[in-house]
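Subject: Structure handover

Hello,

Please find the structure below. My notes on it follow.

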Amino acid sequence: MSGDFKGKRALVVDDYHSMRVTLKELLEELGFSVTEAENGLEGLEKAKADPFDIIFTDIVMPVMDGLELCNEVKTNPNLTRIPVVVLSTHTDASYLVKAIGMGADDYVPKPIERALLLKVVTRLSDGY
Amino acid sequence: MDTEHKPGEVGGGKNVVDRMMVKISHLDTLLNLVGEVIITSNNISTTNRRIQEFYDRQRAIDKVTMDMLKMTEVASNRASSEMHSLVMDIRMVEIRATFQRFRRAVRDMAKDAGKQVDFVTIGDETLVDKTIAEKLYDPLNHQIRNAIDHGVEDPLERQRMGKGPMSKVTLRAYQKENNVFIEIRDDGRGIDPESVAKAAVNRGIIEEGALSSMTTEEKLALIFHPGLSTKVTASKISGRGVGMDVVKSNIEQLGGDVAIDTKIGEGTAFTYRIPQITAVNILDCLTVLAGKSHYAIPILNVVSTLSMPASNVHTTLQKGRSITHLGSLVTLFDLNELLGGKPLDPADEITIVIVEAKNGRVSVRVSELLMPEKLVFTPLSKMFSVQGISGTTTMSGNKMGMIIDVFELINRSRGVVLGGETAPVERVGRAQETSGGALQSAAVVAGGTAVEEVDEVEKKEDISGKLVLSSDIGKEIGHREEFFVELEDILRNVDEQILSLENNPSDMDIVNRIFRDFHSMKGNLMMVGLTELGGFIHEVEVILDQARSGSLEITEEIIDILLDSADIIKAAKQAIAEGRAPVIDRSLLKSIEKYKKPKEKKVEEPVDIHNRTFHIGSLERINLFAHRRAEKHLYQLFISFTPKSQQAFLVALLILKRLARIGHIFGCVPTAEEIENQSISNQLKVMFSSPMDEAPLRKFVEDVLMRYYDVNEYEILKTS
């Protein structure tokens with residue numbers, strides 16, 4: 001499966017380093033090249049500066065949270081086409097519902113499972 | 001540089017952006033590499049000297065070569081010493097975290113003791129080696145307890161003394177030359193040297209007659225004597241824990257000392273002076289030869305060396321072979337044999353090293369004493385320390401040598417005496433210690449017998465096995481340690497945040513910060529597979545969320561719940577580190593429950609889709625007719641999710657989103673609102689229109705649905 005996403009660029013937004021590297025490693029195994037950001041604002045700026053194929057974002061973050069980032073990306077005509085995947089624990093269902101309402105395209109529950117992550121990136125890259 | 005913080009104010013604006021987390025183990029690896037460089041650089045110097053001698057004799061090597069050699073040496077020396085100091089710098093941390101850990105403790109202790117204490121920290125930004133920062137915790141903790149319990153007076157007494165009711169305990173850190181100074185100051189009653197001296201006489205520590213010749217300083221210094229306290233009745237607070245003698249020895253272990261400055265009625269200050277570590281992983285050793293192998297014995301463990309005729313060795317049935325040293329019998333072993341090799345060849349004259357560790361004293365026979373040397377120490381993994389070797393080193397002349405773990409060696413010698421066979425004894429803790437600890441390595445061993453420590457190891461493996469089992473990701477994700485480190489980082493600050501919230505209960509910024517802290521801790525715990533604990537934190541988070549939305553007032557009780565919750569996480573983390581299973585205090589959950597407002601859910605029952613038709617509003621109905629007229633096709637979709645799916649509501653929302661791309665959704669059962677409120681069982685019914693013909697639409701929908709795990713069955717119907 002590795003290499004399927006070669007050349008694809010992912011932006012990973014989370015305020016915790018361990019979460020970022022964990023997801024980064026999983027994505028890199030799939031062939032993605034990964035850029036990290038520590039909060040929604042930094043993520044938004046990076047997304048504006050460089051083209052990304054997919055954005056992964058945590059929800060609860062300082063400065064700008066993931067919900068706002070979803071909103072900013074989905075209401076920005078230049079960015080709206082980028083799929084946004086929110087990351088959250090299963091106990092935070094209400095955030096996920098809010099995030100989907102804000103335009104998030106998919107979600108990956110924490111702890112991140114490799115198989116599920118693959119499923120999500122596959123369906124998004126297939127356009128579903 | 002010193003900045004004084006007002007009580008309750010969160011310590012200065014720390015710069016988060018230019019910091020990063022570095023694993024201590026990486027640093028230690030780097031440090032070991034630096035050690036290698038130092039060795040190489042020493043070897044270059046030696047080689048250079050030899051070439052110089054050769055050059056002086058032969059005059060055959062050309063000047064340029066000589067200069068180049070010289071340059072290599074200089075460059076290598078400079079690089080190695082710069083690298084060393086760089087790594088030492090990286091190991092430095094701010095004392096802030098250590099200081100702030102006491103903020104909570106001071107609050108609780110003052111409450112318990114019925115005193116009002118203003119806790120002030122100064123010089124939070126002072127840098128100390130990480131190992132030192134950790135080792136300062138215990139002595140500081142004891143001293144702060146002492147200061148609050150014995151040092152400062154209660155408000156009434158203070159009033160009588162003409163002082164304000166609020167007493168002050170100050171922790172201050174500063175650096176001077178190569179030393180770090182840590183000061184614990186209180187403005188309490190002070191220590192009376194005469195009563196210290198009297199207490200010492202009463203307990204038989206000194207003779208009454210000796211008093212007259214003692215200076216005030218000497219009398220004061222008596223409080224460092226084991227078992228002496230100026231207040232006889234041990235209180236709840238400072239009656240437990242280490243005494244001043246342990247404080248002193250803790251600081252001495254760091255190579256420092258403790259000074260007292262006190263004035264009756266005005267207060268007391270204890271000042272620790274601690275030299276900054278300048279060389280880590282460099283060990284003074286005695287090198288010896290046993291058979292063909294080179295060994296290094298840490299000088300700290302060497303009592304004496306001697307050689308004697310073999311005939312001077314006593315042999316007794318009970319103790320085996322032994323020698324007489326300074327009038328007492330010391331058991332004699334063969335170093336090679338103890339380390340699992342062949343015994344040394346018999347000789348008329350034998351060479352002996354007497355070694356000592358916390359667990360005893362033995363003498364070992366070696367072939368030859370070489371020399372004392374400063375050696376760069378590379379710790380071995382735990383596995384090897386079983387064999388009585390704690391590390392490897394490169395001795396002068398580029399010879400590989402092994403560093404003997406004397407504690408372990410003595411353990412092995414016990415096995416020889418008792419069972420004839422060496423018992424494999426494994427230790428924990430020390431092998432994993434940071435290099436600062438390794439410096440004291442074989443000499444300093446954590447308390448407890450070897451047997452207890454073996455149990456520890458087994459338990460630890462057991463627990464870590466369980467942790468991995470409880471979550472498959474444990475195996476997949478290689479950052480468990482880092483999650484724990486982050487957890488620790490958050491925990492260190494969260495108390496400080498909660499206490500500052502206590503002083504500013506309506507500050508939403510602080511509430512948000514604490515909320516994020518708990519939320520992140522939850523995520524971290526979930527990631528390492530501790531879902532139960534994660535679930536507990538979620539409950540706390542719910543309360544905080546209410547506070548965020550303004551529907552919950554921050555009272556003292558809430559502050560207590562938050563502090564207690566942080567304590568539970570701390571205890572759980574500690575338990576895991578020590579190999580125990582974490583325990584969650586149910587009673588706290590109950591008090592959390594009390595504050596939790598029930599979620600406002602309109603429909604609690606899951607919707608049965610078969611008994612309900614689409615509810616289509618009048619606007620939708622108009623649209624529906626319009627779509628029919630425009631010859632768009634109308635479809636119905638039934639989906640059933642796998643029974644165990646806990647996320648059906650999310651998957652349902654995502655599927656609705658996808659359908660909206662190819663058409664217009666007129667209605668669904670349950671309604672979108674119901675789905676959002678999680679009132680969905682395992683089924684979903686959707687009515688939508690699309691310009692797509694049945695065959696391509698069927699393919700699209702199938703393509704979407706096959707991409708979700710949770711979809712069990714589905715049916716697409718085209719209605720006319």
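**A helix pair in chain B**

The crossing of H18(B) and H19(B) is left-handed, a term used when the near helix is turned anticlockwise from the far one by less than a right angle, with clockwise being right-handed. Helices (H or I, at least four residues) and strands (E, at least two) are DSSP runs, numbered from the N terminus. This is a predicted model, in which local features need pLDDT of at least 70 and side-chain atom pairs count only at pLDDT 80 or more, while totals for chains, interfaces and linings use all residues. Residues are numbered from 1 along each chain as its sequence is written, and chains are lettered from A and ligands numbered from 1 in the order in which they are written.

Helix H18 covers residues 556–577 of chain B and helix H19 covers residues 586–595; their axes come within 11 Å and cross at roughly 140 degrees. Axes here are lines fitted to C-alpha atoms, for helices over the stretch in contact, and angles run from 0 to 180 degrees between N-to-C directions. H18(B) and H19(B) are therefore oblique to each other (under 35 degrees counts as roughly parallel, over 145 as roughly antiparallel, 65 to 115 as roughly perpendicular, and the rest as oblique).

On the H18(B) side, B:Ile558, B:Ile561, B:Asp564, B:Ser565 and B:Ile568 meet B:Leu588, B:Ser591, B:Ile592 and B:Tyr595 of H19(B). Two residues are in contact if their C-beta atoms, placed from the backbone, lie within 7 Å. The residues of this contact divide into six nonpolar, two polar and one charged. Ala, Val, Leu, Ile, Met, Phe, Trp, Tyr, Cys and Pro count as nonpolar, Asp, Glu, Lys and Arg as charged, and the others, Gly among them, as polar.

**Between the chains**

The contact between the chains takes 25 residues from chain A and 31 residues from chain B. On the chain B side, H16(B) gives the most, with seven residues. That side divides into eleven nonpolar, ten polar and ten charged residues.

For H16(B), 14 of the 20 residues are buried, so this helix is largely enclosed by the rest of the structure. Buried means 20 or more other C-beta atoms within 10 Å of the residue's own, exposed means 12 or fewer, and partly exposed is in between, with C-beta atoms placed from the backbone. Just after H16(B), B:Gly529 takes a positive phi of about 90 degrees.

**The two chains**

Chain A has five helices and five strands, which run β-α-β-α-β-α-β-α-β-α from the N terminus on. Of its 128 residues, 50% are buried. Chain B has 23 helices and 23 strands, and 33% of its 720 residues are buried.

**Backbone points to check**

Most residues other than glycine have a negative phi, and most peptide bonds are trans. A:Val63 has a positive phi of about 65 degrees although it is not a glycine. A:Val63 sits in the loop between strand S3 (54–58) and helix H3 (66–75) of chain A, and is exposed, with 12 other C-beta atoms within 10 Å.

B:Leu326 also has a positive phi, near 50 degrees. B:Leu326 is in the loop between strand S12 (320–325) and strand S13 (328–334) of chain B, and is exposed, with 8 other C-beta atoms within 10 Å.

The peptide bond from B:Val669 to B:Pro670 is cis, with omega near -5 degrees. B:Pro670 lies in the loop between strand S21 (664–669) and helix H22 (672–676) of chain B.

Regards
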